[in-house]
Amino acid sequence: MDNRQKEIDNLKDYKYGFTTDIENTRAPKGLNEDVIRFISNIKNEPQWMLNFRLKAFERFKQLKEPDWQKPKYPKIDYQNLYYYSAPKSMKDKPKNLDDLDPKLLETYKKLGIPLQEQKRLNGIAVDAVFDSVSVATTFREELTKQGIIFCPISEAIQNHPELVKKYLGSVIPVTDHFFATLNSAVFTDGSFAYIPEGVRCPMELSTYFRINASNTGQFERTLIVADKGSYVSYLEGCTAPMRDENQLHAANVELVALDDAEIKYSTVQNWYPGDKDGKGGIYNFVTKRGLCKGKNSKISWTQVETGSAITWKYPSCILKGDNSVGEFYSIAITNNHQKADTGTKMMHLGKNTKSKIISKGISAGFSDMTYRGLVDISSKAANSNNYTQCDSLLMGNKCGAHTVPYIKNKNSESNIAHEATTSKISEEQLHYCQQRGLSAEEAVGLIVNGFCKEVLQQLPMEFAVEAQKLVGISLEGSVG
Amino acid sequence: MKEQLQKDFDNTIKNLNLSQKDIEIKKFYLENFINKGFPNRRKEDWKFSDLNQIIKKNIGELSFYSDYTSTNKVDTSAFVDGLEHNKIVFINGRIEKIDFDYEKKDQIEIIDQSETINKFNNNSSLSDLNSAFTNKSFKIVVKEGYQLTKPLIIYHTTNSKIWSKNINLRLNFELYENSSLRLIDLFKDTSEKNFLNIFYNFDLKENSVLKNYKVDKLENNNIKYSFNNIDQDKNSISETFILSSGSNFCKNEINCNLNGEYSSAFVNGIFSINNNKHHEIRTIINHLTENTKSYQLIKSVLEDSSRAVYQGKIFVNSKAQKTDGYQLSKAILLNKDSEFNAKPELEIYADDVKCSHGSASGSLNEDSIFYLMSRGLNYQQSRELLINGFLLDVVEKITDPEVKNLIKNMIGIKE
């Protein structure tokens, strides 16, 4: 009991809220063509990459910021942000971890990210992104042996331009929506992974994102390509320091699965959610999209969303190849003044495509949560199937839980089933648990974990444990 | 369109004896409509049915002026046989007959409200259009404790005299304590290519019961929009049944405010459409206080390249604990070109509630057909039997036996 209490006390406050005092190189404040040229220049990018950015920026200037989402936020001044920030010591990229700034290593140690090789037993290859740039990637050699490319995307642009050129922007084109286009123009770094034909990636690939500097937006770009018959499981984690102002995070993630390939993408998102009164926190406006390009391909998204002041994202699957499969498992927890508008899109284009959506939303305190999803079966997608289930749990009458599914069926040979429920934790369940000696909080934790189990099971082992704890912590103080 | 509107508006005003103040109000609504125009797909509520496009494609230029100075002959053969009923007859948008022969005269009051433009709880452009152009508007009041002995049938008849016209109707109903009303809307159109814009407002006081059955069965080429606003007090019950089938395009909207405790709302609907028809039902049930209940069931059978849309929203206020809300939509797509779109929405701010929705769409179950065929039915018979059973489910929800039989006969569903 005592241990548990201690653990809770330790975790009650956002434990990743520290800042690292490290020297930064920044681009001039503001958003204009010069800043984009600056970013491209400092990264030594080839001309085609600069053109890609400028094209996106041209388009961005014509776009209006969307405002249909449920959580409203004060207007963001895009000219008052830094679009590039990098630890100074990164100017000449270190060859190995020993050359890294010890402060950086310490930061990641605090975060529990196994950058050091001695932690190799964990068997996870990590790409760590600090503010705008990737600082370290582990286990590279081992992966290279199998032909797997796993490196920061800025390196991939230099070393594997043919792959990047072919796939970058193929799922999220530069002409996409407001935030995605902004990202295409100013993205600074991110991860790139390529799994060659027939290779089953021997370990989990992982990226760890950290926002440190203030007044910066983080715009990273992730591109994962799984060639024919390959398999990869990818993890993503995020934290940020506690600050009073809101910070923007607008990432793009593109997945491409060719014939018979499978990509499993898991996120545990724990950005700083703001304080109890809703001050500060990250705006998490992310575009994630996967393309099942080949036959029999599969993309599966799993997300545990506990952080951020506002979460606004819809990891989607475009099921283009025949027999392809898309899955979406989500737990979203909002507490205090957090807001979330999240869900998925399943676009069925190929024949015999299948998709499954399991979404669990829990809202407590003064928070507001929306599931918004689209299932679109096109007229050519014969024999397709979708199953959607979204359940919401409410704690208290100051919070809200909403479900807004869009269901479009244009094919008579396809079936869509959707169900949604909203309820609270039943008195009987609570009573039953308490009768057997659990405290009210423990009982709620147990019931909530049971509620989320279907999704938690989808996470890789290492993450599942962390996520389970996170679920408990996020709801601390919401009972009673 | 703007000049046309202005011209038709001036002509309409000329024929009405309105005070200067009312003219000003009407002008205000006209101005609003001119600014907003017909709703298009950029409006979230019209995402799946772009009315602007539909009118452009099917009608082209609309005329907003109707000459209501001469009367139309009421064709009594069109009345429903075998069911004694009260009637209101609209012909081409003009009220020709109001008849409550079966009821006690002092228990029902019909108030002509044409001269006072009452505010409508809706700020859509179609409401503005309606406010600007309605010529006659009546309020029907059912007095305290009175229950109508016979149902009221409203005949919406149009004939070939009108073409490319916009017709705006408005009725107001007030049901006092412990009263009840059964209301059937029957659409009979022999006209083509007109746009009907109908607004009803219902005010249900404590313990009153409203049953509204909307039947649009006969094939026609008109475009219809109908909006029901229902305000409910304590213990009141509203039941709405929609048969959406005949018109080229039809959108029914139900906005129901459950203001009083223990009030309940039921919405049941059938889409049975073919050819190029495009129909929609949109419901908004607002649970605003404790212990309210709503139930919705929508079933669709879609043939050829028809398209049905269901947008249902359950809203639960933070005060509305113990709400029970349920919503189910099911669709059978019979042809590869047919399409079903749904947006079942929940917006909930209270925790002690039971809210759920389900939506399913797909083809006719081949296993069931196989089962029936193995018992000697041919394919066509099996198919009909299954579709009949599927739709019968909704018809059976009608709580009034007389009306249930009437509607069963009308759609030809056999038990």
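This text walks through two chains and the place where they touch. The model is predicted: local features need pLDDT of at least 70, side-chain atom pairs count only at pLDDT 80 or more, and totals for chains, interfaces and linings use all residues. Residues are numbered from 1 along each chain as its sequence is written, while chains are lettered from A and ligands numbered from 1 in the order in which they are written.

Start with chain A. It has 11 helices and 24 strands. Helices (H or I, at least four residues) and strands (E, at least two) are DSSP runs, numbered from the N terminus. Of its 480 residues, 56% are buried, meaning that 20 or more other C-beta atoms, placed from the backbone, lie within 10 Å of a residue's own.

Chain B has 7 helices and 19 strands. Its radius of gyration, taken over C-alpha atoms, is 21 Å, close to the 22 Å that the globule rule gives for 415 residues, so chain B is as compact as a globular protein of that length. That rule is 2.2 Å times the number of residues to the power 0.38. In chain B, 49% of the residues are buried.

Now bring the chains together. In all, 31 residues of chain A are in contact with 32 residues of chain B; contact means C-beta atoms, placed from the backbone, within 7 Å. On the chain A side, β22 (385-395), β23 (400-409) and β24 (415-423) each supply at least two residues. β23(A) gives the most, with 10 residues.

β23(A) also runs antiparallel to β18 (residues 339-348) of chain B, joined by 6 bridges. Ile407(A) stands opposite Ala342(B) in β18(B).

Technical notes. Two residues are in contact if their C-beta atoms, placed from the backbone, lie within 7 Å. Two strands pair if DSSP finds at least two bridges between them. A residue is buried if 20 or more other C-beta atoms lie within 10 Å of its own, exposed if 12 or fewer, and partly exposed in between; C-beta atoms are placed from the backbone.
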